[in-house]
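Good morning. I will go through a few features of one structure, and you can follow along on the screen.

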Amino acid sequence: MAFLTPLAALGLALAVPIVLLYMLRLRRREVTVSSLTLWQQVVQDSEANTPWQRLRRNLLLLLQLLVLALLVLALMRPFVIVPAVSAGRIELLLDASASMNAADMPGGETRFDEAKRQALSMVDTLGQGDAMTVILVTDVPEVIVPATSDRAALRAAIAAAQPSAAAADWVAALTLAAADAQNAAQASFVIVSDGGLGAAEGLPGIPGEVRYLPVGRAGDNLAISALAARALPGGNSQLFAQVTNYGTRAAEVIFDLRVDGRLFSAQRYTVPAGESLPLVSAALPDGFETLQAGLTRPADAQVPDYLALDDAAWAVAPRAGARRVLLLTAGNRFLEQILRTLPGIQAFRGDINRPLPAEPYDLYILDGWLPPTGLPAGDLFIINPPASTPLFTLGPDSAAAANILTRRDDPRLAFVDFADVNILKFKTLTGADWADALITADGGPLLLAGETGGRQAAVLTFALQESDLPLQITWPVLMANLMEWFAPAASVSAPDGLRVGETLAIRPPPSATTVRVTLPDGTARSLPIDRETLAFAETGAPGLYRVDILEGETVIETAPVAVNLFAPEESAIAPRPAVTLGGQAVAPAERDAVGQRELWPWAALAALVVLLIEWYVYQRRMQARTVFRPALRRQGAR
Amino acid sequence: MPDERLFDETTRRKLEQLMLVATRVRAGAMKGERRSVKRGTSIEFADYRNYARGDDLRRLDWNIYGRLDRPFIKLLEDEEDLAVHLILDASASMDWPPDADHNQRKFWYARRLFAGLAAISLASSDRLAMLATSLDGAQPFGPARGRGHSLGMLRYVGGLAAGGATDLNAALKRYALRGGRPGLCFVISDLFTPGGFRDGVNALLSRGYEVAIIQVLSPDEVDPPLGGDLRLVDVETGQAQEVTIDGGLRELYLKRLAAWRDDIRADCLRRGIHFVSVTTDAPWEQVILFHLRRLGAVK
């Protein structure tokens, strides 16, 4: 045993004033009694009976000196050398991802509880001069204690840490840790995790020693790994779900499905070990809004399911009137590419050699081709029209567009710049009074857009292949603007749902005043509308979120949003014996570093106990004055 | 009376109905109010006897002489007095507890007993001698006889003060040697005397006294409210004793006190001494009306 602050031993000098005070105090209180006769006999008796009498007289002094000695001992901070995981500057990465919720530890404890215990034991063995940073690794890694050697702060922060329901972002966490340790001479990184660093395994090594404390014992877990509803052409919705068994034994499970909160079906399946069971159902009722799927272990199940977070999943019905776009072209890679990349669009490619499909589409893009049967009902975007239509009359081609003017005040042309666009030739149009000429050149309009006959139509009067527009940055901007104009995006668009921790983008209409998001636990958050797109990031719990867009007190739009775990790397909870980092496997750490376990709390505790004893002894002596008082009344003449 | 009345009228009347009884002492010298085993001069007829020369002619029964022509002397019951001695310990230890009112103290209690017994004895025309003793000096009263001395007696008792130490042994011995006719002797004391009291009592007994001891203790002597590290100082001698009083030591004291009282009681019983031990929280009349009556010292 050694001492961290041996100078505190000087505190023992306090014994001198205590003894002095005691000697002063022991000028006994003088009390006159009517006769000493009996007392003298009693004192003789007692001294004859108890040889410890002298000692007992000084018991209080001894106890007080003992308290002082123990307190001084505590202040000297004695410690013993114990084996520790790591020493020096420690970056502790505490995995708080969804898989750490797995309750496979003894006593039904979660892996996170075990990880916290390991972290706390590291704090206990923190030596003099050692410092520790604790990083809670979730989807957004967070430094919960910056480098400190204050054990109380470390303990409090670790004890207060909670696991998240999201996948861990190890790349960010390791980057954060490496940055934090940059100025330290020699840092060691301790990863307390159930393994699997995901993308971080490919990271180049981090500067310093990496140690790995594995937690977790079992890998038995069943998860709903996918849940989605798709609107089939024709109206009905189709369910697609997938149940995955991440364990090593085939497991029985009851898959139940609730539609708008009401139990719709429940069926028992056997999922083979390590395989996924796809479940498809075309029989979803019409007009539903939300789906909730759950996994339940049958009462007679042999295989446990340790992680509960992934046993439930939610889905939202595909929005009616999603923007279904039919592209009719002889072949245009630019268009196909842009339609694939634009968000919120379901693009279909039509065959111009066959009749138009019977089911309606929201938008028809006619590229250099017009259907022989007349224009289809629906919005139209006609590019390089080959002939006149009821909407316009085609004139002769005009060569080399010059003096291109764009209407800068029109929202459809926001951020669109045609200054550097070269157009080989374009078609002149007339008779399109319904439309605004958005872009014009000498000779006629290049882009027209407007409403006619209850539909929106736009006409681009040149072939994309005959200009360098598709190669310009303004091309996707123009297309996005136009698509937005054709069918404004819903305020909330997350048809496939969100992963836990992902940000929900909300684009409220201009008339909205407030956006209210109701969390799965029923609490509501009001977001002020201070920008065009609001971001809601409080999606830390899986479940159904409801977004209400209010105009004053009236709800003008409401949409459910499903937030699911759907993270195979989290659902695969089998603990890894080692992690790979920088191309090297990191085996579980041995306790080979030198740590110090301080003993002062025990000394302080002992001091407290002795202090209590001292108090008791003192009270016992003082009580002799009063406690026996009632006895007097009973004494009478004898 | 200087301050408060030692006892009220009712108590006084009650006391005057009582009489002190000595079972062994029969040494009346004067006419008293108690029947004597000796023939005497009272009006109670006892017997006749023949006249002998020298008999007092006043006691000749002239009616018998007229009828029988023979002289008979009428014998009458003799009524004799009792010598009552009251000795009060007036040492400083009797003036206890010091922090209580004077009428809560042992000395006040003892004086009431002192005066009560004196009132009884005056009322029954006994020969009363009183002595309050301490090292400061003995304060005697009497001998006196008859109710006429009541006022003087009360004034004397009221004027007594406690102080100093007592050597009860010496005081009793001195009294036995000096004090005239032996009789019933009450000793009122706490018996906290350094030299003890047995030799003194023996001296009294050997002189033919009948002795009754009334031990007066205060409650805080029976169960001392003391604790902690103390330096006890004897109020009489000024001696000091350092003592650390805790629960165990208190127990020891209580045991010691009980043993001491039992020891005295047993010793008194053996030697035919009346012994009463009282604490001042018991009504003082009870000592006379109950305890002494039970012992047969009062009738």
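This is a predicted model: local features need pLDDT of at least 70, side-chain atom pairs count only at pLDDT 80 or more; totals for chains, interfaces and linings use all residues.

Start with helix H6 of chain A, which runs over residues 151-160. Which of its residues are buried? They are A:Arg151, A:Leu154, A:Ala157 and A:Ile158. These residues are on the same side of H6(A), because they cover an arc of only 135 degrees around the axis. On the other side of H6(A), you find A:Ala152 and A:Ala160, which are exposed. A:Ala152 also comes up at the start of the helix: its backbone nitrogen lies within 3.0 Å of a side-chain oxygen of A:Asp150.

Next, the surface. A nonpolar patch there is formed by A:Trp602, A:Leu605, A:Leu608, A:Val609, A:Leu611, A:Leu612 and A:Ile613. Together they have about 690 Å² of accessible area. Take A:Leu608 from that group. It sits in helix H11 of chain A, residues 600-623.

Last, the cysteines. A disulfide is a covalent bond between the sulfur atoms of two cysteines. How many disulfides does a search of the whole structure find? Zero, over all chains. B:Cys185 has 0% relative accessibility, so it counts as buried. B:Cys268 has a relative accessible area of 2%, so it is buried too. The cut-off for "buried" is under 20%.

That is the end of my part.

Definitions and conventions
Residues are numbered from 1 along each chain as its sequence is written. Chains are lettered from A and ligands numbered from 1 in the order in which they are written. Side-chain values use heavy atoms; hydrogens and water are left out. Patches are made of residues with over 30% relative accessible area and no salt bridge: like charges are joined within 9 Å, nonpolar side chains (Val, Leu, Ile, Met, Phe, Trp, Tyr) within 5 Å. Accessible areas come from the Shrake-Rupley method with a 1.4 Å probe; for residues, only the protein chains shown count as cover. A salt bridge is a side-chain nitrogen of Lys or Arg within 4 Å of a carboxyl oxygen of Asp or Glu. Helices (H or I, at least four residues) and strands (E, at least two) are DSSP runs, numbered from the N terminus. Buried means under 20% relative accessible area, exposed over 50%, partly exposed in between (1.4 Å probe, protein chains only). The arc is that of the directions from the helix axis to the C-beta atoms. A polar contact is a pair of N or O atoms within 3.5 Å; within protein, one must be able to donate a hydrogen and the other to accept it, and residues adjacent in sequence count only if both atoms are side-chain atoms. A disulfide is a pair of cysteine sulfur atoms within 2.5 Å.
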